[in-house]
Structures are given as structure tokens and as C-alpha cells.
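Keep the coordinates open as you read.

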Amino acid sequence: MSMVERVKSRLDRVTPGLRFILDLFSKRRFNVEFSVLVVEDRSKALEVLRELYGDYAESVLRMLLGEELEKGLQDSNSL
């Protein structure tokens, strides 16, 4: 399973329906799904979350991803 698929799966499991909304905001601004931004450009993913959650964007992203997926993303970005 790719990292993007893992992010989608986690979002669907933790917050059913929210991925749809995040994808709408993400596609409107960057023309790409939110899950792709999380994996490929975290700063843009945070911009999307700031539109919805303001100063809580980083905390929301950590909560959405969970510890295991967050660590996996950090490990894959350090390669």
C-alpha cells in the first residue's frame, strides 16, 4: 500500500467524510488531493488545514495522521 493510500485509509477511518471536504479545499487551491499533499508537500497540506482550523492546523494534522503514520512519513521524507 502506498503512503498516499495509507493516509487516505487513516483519514477515512478516523474522520469519515472529512477527507472529501479536505480534498475539495485542496483541489480548489492546489489542484491535487489532500492525501497527496500530506505525502509530497506537508507545508501545502498545512495551508489547507489553516483555512479550516487556523492556528490549530499542525495539531489537527498530527491527530489525523496518528503517531505511526506520522513517523512513517518522517522516515520516508528523510530518505
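Start with accessibility: a residue is buried under 20% relative accessible area, exposed over 50%, and partly exposed in between, using a 1.4 Å probe and protein chains only. By that scale Arg 62 is partly exposed, with a relative accessible area of 42%.

This is a predicted model, in which local features need pLDDT of at least 70, side-chain atom pairs count only at pLDDT 80 or more, and totals for chains, interfaces and linings use all residues. Residues are numbered from 1 along each chain as its sequence is written, and side-chain values use heavy atoms, leaving out hydrogens and water.

How confident is the predictor? The score is pLDDT, the predictor's confidence in each residue, from 0 to 100. The protein chain has a mean pLDDT of 91, and 94% of its residues reach 70 or more. Helices are DSSP runs (H or I, at least four residues), numbered from the N terminus. Confidence is highest in helix 2, at a mean of 97, and lowest in helix 5, at 82. Where pLDDT is low, the predicted coordinates should not be read in detail.

Now the charges. Side chains of opposite charge can pair when their charged atoms come close. The cut-off for a salt bridge is a side-chain nitrogen of Lys or Arg within 4 Å of a carboxyl oxygen of Asp or Glu. The whole structure holds eight salt bridges.

Look at Arg 29. Its side chain meets that of Glu 47 in a salt bridge, at 2.8 Å from N to O. This pair links distant parts of the chain: Arg 29 sits in helix 2 (residues 18-30) and Glu 47 in helix 4 (residues 42-53), 18 residues apart. Arg 29 also forms a salt bridge with Glu 51, with the closest N and O atoms 3.2 Å apart. Arg 29 is in helix 2 and Glu 51 in helix 4, so this pair ties together parts that are 22 residues apart in sequence. Arg 28 joins in too: Arg 28, Arg 29, Glu 47 and Glu 51 are linked in a network of salt bridges.

How accessible are these side chains? Arg 29 is partly exposed, at 42% relative accessible area. Glu 47 is partly exposed at 27%, and Glu 51 is partly exposed at 35%.

Return to Arg 62. Its partner is Glu 58, and their salt bridge spans 3.9 Å, N to O. Both residues lie in helix 5 (residues 57-77), four residues apart, about one turn of the helix. Glu 58 is partly exposed, with a relative accessible area of 37%.

Next, the nonpolar surface. Patches take residues with over 30% relative accessible area and no salt bridge; like charges are joined within 9 Å, and nonpolar side chains (Val, Leu, Ile, Met, Phe, Trp, Tyr) within 5 Å. Areas come from the Shrake-Rupley method with a 1.4 Å probe; for residues, only the protein chains shown count as cover. Phe 20, Ile 21, Leu 24, Leu 52, Tyr 53 and Tyr 56 make a nonpolar patch of about 620 Å². Helix 2 gives the most, with three residues. Leu 52 belongs to helix 4 and is partly exposed, at 33% relative accessibility.

Finish at Ser 35, in helix 3 (residues 34-40). Ser 35 is buried, with a relative accessible area of 0%. Contact means heavy atoms within 4.5 Å. Not counting residues up to four places away in sequence, Ser 35 touches Val 4, Val 7, Lys 8, Leu 11, Arg 19 and Asp 23.

Terms used
Helices (H or I, at least four residues) and strands (E, at least two) are DSSP runs, numbered from the N terminus.
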